[in-house]
Amino acid sequence: MKTQVYVVNGANPDFSLLAKAAEVLRGGGLVAFPTETVYGLGANGLNSGAVAKIFVAKGRPSDNPLILHIADASEVDKLVRQVPVCARALMDRFWPGPLTVVLERTPAVPDGVTGGLNTVAIRQPDSVVARDLIRLAGIPLAAPSANSSGRPSPTTAQAVLADLEGKIDVVVDAGPCDIGVESTVVDCTTSVPVVLRPGGITLEMLSAILGDNIKVDSALRGDNVTPRSPGMKYKHYAPLAPMMLYEGETGVAQEMLVDAVRLALSTKRVGAVVSTETAGLLPEGVAVADYGSRQRPEEVAANLYKALRKFDNEPVDVIYAEGIVESGLGLAVMNRLRKAAGYRIVKCGREG
Ligand code: TXA
Ligand code: MG
């Protein structure tokens, strides 16, 4: 299969190209498209055959359910049994935007989308291109991130092609995504909603609406329990070389620098995924992927996946990554870095 690339303007997309992409979707094909978070790999979310193709193209385990993307909030009514008050408050405030709500599904949602669960994840993206495409297709689009399973999510069409060229029909290219990490997934089927995946809507923003009536899944705090979101249990976001994450309140850059210099001296090729502040301190010989200022988590989020993919074409033996503070988007950034490192973590700044 030859993957077509349709280049459009993100703010004012060419409708004739989007209409062609919508036609491919209606015919059961696969179209990668930009959202404000990351690029998604879309298929007709009401057609089991089309949805099955997503799992093949990505090499995704079939029990990891997909998010349905809708153009207008009113479309949820066909897809879910009910919208609890909390969910409604979150949707009113954060849609369109990087919030995914998990609700009890109706039979309109195929099993292939939900991995057989009785719930479905839904979001209304903020991206104009995404919403125009969904509207033109006239169907909800099932769309996971448009990467091969286990790899960093794509924030550009080039990253989509690096993983999926020849495996999908079309990629709509509207340049880099704004936010750079995926949507926040909130399970709204329990009396207290639970954050299953931190993302573009921060915990602080959720608390501003729900007060104390919001929990973070214990699996995200490192407690060893069965994951509630099937996506939690798989290897994720991983660069090709093994990665080690340095994190802690203090001493992160210093401890990382010492280890990186030591390893670089021993003929190993070292890559570093670091802040601009730390990049300036690294010696020559260490390959650097700069994710921006650690003072600005939004900047780190926007650059994160590009930084994690940098060493795919510039082979290194090991990657050292610098953690940031877990406030605001920092929570989502650290969640992705820990997974990308396969939980190989060096805790810094400890006494003794
Ligand atoms: O920003 C995003 O959310 C991007 C863009 C393309 O919209 N999409 C995305 O999809 O990140 P994906 O498939 O890579 O991640 C979906 C997450 C997974 O962790 C999955 O396990 C969880 O949502 N999920 C989906 N349906 C669920 C359900 N019914 N119950 C619990 N978790 C669910
Ligand atoms: Mg994903």
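## Strands β12 and β15

Strand β12 (residues 243-247) and strand β15 (residues 318-322) run parallel and are joined by four bridges. Within this pairing, Met243 stands opposite Ile319 of β15. The model is a predicted one.

## The sheet around them

β12 and β15 belong to an open sheet of five strands. The order is β14-β13-β15-β12-β16, with parallel pairing. At the edges are β14 (286-290) and β16 (345-347), each of which pairs on one side only. From one strand to the next, the twist averages 20°. Strands of a sheet pair through backbone hydrogen bonds, either parallel or antiparallel.

Helix α9 (residues 252-265) lies across this sheet: β12, β13 (270-274), β14, β15 and β16. Relative to β15, helix α9 runs at about 165°.

## Asp132 in helix α6

Helix α6 spans residues 128-137 and includes Asp132. Is Asp132 buried or exposed? Its relative accessible area is 12%, so Asp132 is buried, the cut-off being under 20%. Leaving aside neighbours within four places in sequence, Asp132 is in contact with Pro13, Phe15 and Leu18.

## Cysteines

How many disulfides does a search of the whole structure find? The count is zero. Cys86 is in no disulfide. The nearest cysteine sulfur to that of Cys86 belongs to Cys188, 7.1 Å away. A disulfide would need the two sulfur atoms within 2.5 Å.

Cys348 has a relative accessibility of 6% and therefore counts as buried.

Terms used
Residues numbered from 1 in each chain as written. Chains lettered and ligands numbered in written order. Predicted model: local features only at pLDDT ≥ 70, side-chain atom pairs only at ≥ 80, totals over all residues. Heavy atoms only, no water. Helix = DSSP H or I, 4+ residues; strand = E, 2+ residues; numbered from the N terminus. Buried < 20%, exposed > 50% of the residue type's maximum accessible area, 1.4 Å probe, protein only. Contact = heavy atoms within 4.5 Å. Pairing = 2+ DSSP bridges. Axes fitted to C-alpha atoms, helices over the stretch in contact; angles between N-to-C directions.
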